[in-house]
Amino acid sequence: MTKRYWNITLEEMMEAGIHFGHGTSKWNPRMAPYISTKRKGIHIINLTRTARFLSEACDLAFDAANKGKQFLIVGTKNKAADSIARAATKARCHYVNKKWLGGMLTNWYTTETRLQKFRDLRTEQKTGRINNLPKKDTAMLKRQLSHLETYLGGIKYMTGLPDIVIIVDQQEEFNALRECITLGIPTICLIDTNCDPDLADISIPANDDAIASIRLILNKLVFAICEGRSSYIRNS
């Protein structure tokens, strides 16, 4: 994996509040190497380690995008949902930002069936055929479509398992991480001081509660993916 310069500065990380971890009573001892100190009952994350692992994650993302690999970004916290969708759309990645449906990856056949149903309903809506049905049937199908749009809208163009999954908040998205581990899908994971750093392929120690922190991490990864995709197109 070629190392590149991603312009990750301590100043911007401090400004985004990436260094603020959880309370000292809620920590995972395995995070000790990523913590520099404690202040007013809160663990302070070592930003030098954050910069190192974020840079490694960007290198991995660039190399994967440069080979035409597909990404899935997962983050279902309400306050981060819009940022997840924007970042994924910008980098042409698939995303899940509302709720992780159990077995979404490990039971891919069922997910594919749901996606096909979703596509069929969208087609019926676009052609107007859905409105030609009896009112009761139309209402029922529109409810189904709305439900599918909420939970599968971010993966509606996904035709197979992703090559890399980016997870925002290990604790919140543990089921998604577990499915990736089961299937051997490489993961990049944002981890706070209450997480296990040994579960993901690349763990980025950072504040997983502050929206500014999440956005900064996502922006760096998205930039790396976009650069990789541009290189892939140029070399095709």
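In what order do the five strands of the open sheet sit, and is their pairing parallel or antiparallel? The views below start from the whole protein and then work through its parts.

**Figure 1. The whole protein, a predicted model.** Local features here need pLDDT of at least 70 and side-chain atom pairs count only at pLDDT 80 or more, while totals for chains, interfaces and linings use all residues. Residues are numbered from 1 along each chain as its sequence is written, and side-chain values use heavy atoms, with hydrogens and water left out. The C-alpha trace spans about 65 × 45 × 30 Å along its principal axes. A compact globule of 236 residues would have a radius of gyration near 18 Å, and the protein's 19 Å agrees with that. (That radius is taken over C-alpha atoms, and the globule rule is 2.2 Å times the number of residues to the power 0.38.) Buried residues make up 50% of the 236, where buried means under 20% relative accessible area, exposed over 50% and partly exposed in between, using a 1.4 Å probe and protein chains only.

**Figure 2. The open sheet.** Here's the reply to the opening question: the order is E5-E4-E6-E7-E8, and the pairing is parallel. Two strands pair if DSSP finds at least two bridges between them. At the edges are E5 (94-96) and E8 (202-205), each pairing on one side only. From one strand to the next, the twist averages 15°. Helix H2 (residues 47-66) packs on the sheet and touches E4 (71-74), E6, E7 and E8, with its direction at about 140° to that of E8. Helix H3 (residues 81-90) packs on the sheet as well, touching E4, E5 and E6, and its direction makes about 170° with that of E5. For these angles, axes are lines fitted to C-alpha atoms (for helices, over the stretch in contact), and angles run from 0 to 180 degrees between N-to-C directions.

**Figure 3. A closer look at strand E6.** Why is E6 largely enclosed by the rest of the structure? Five of its five residues are buried, so the rest of the structure largely encloses E6. Ile 164, Ile 166 and Val 168 lie on one side, Val 165 and Ile 167 on the other, and both faces are covered. Four bridges join E4 to E6, and Ile 73 stands opposite Ile 166. Four bridges also join E6 (residues 164-168) to E7 (residues 187-191). In E7, Ile 188 is the bridge partner of Ile 166, and Cys 189 stands opposite Ile 167.

**Figure 4. Helix H4 and its buried side.** (The expected span is 1.5 Å times one less than the number of residues.) Trp 108, Thr 111, Leu 115, Phe 118, Leu 121 and Arg 122 are buried in H4. They cover an arc of only 145° around the axis, so they sit on the same side of H4; the arc is that of the directions from the helix axis to the C-beta atoms. Helix H5 (135-152) is included in what covers them. After H4 comes Gly 128, whose phi is positive, near 85°.

**Figure 5. Ser 231 in helix H7.** Ser 231 belongs to H7 (residues 211-235). Ser 231 is buried, with a relative accessible area of 9%. Leaving aside neighbours within four places in sequence, Ser 231 is in contact with Phe 62 and Asn 66, contact meaning heavy atoms within 4.5 Å.

Methods
Helices (H or I, at least four residues) and strands (E, at least two) are DSSP runs, numbered from the N terminus.
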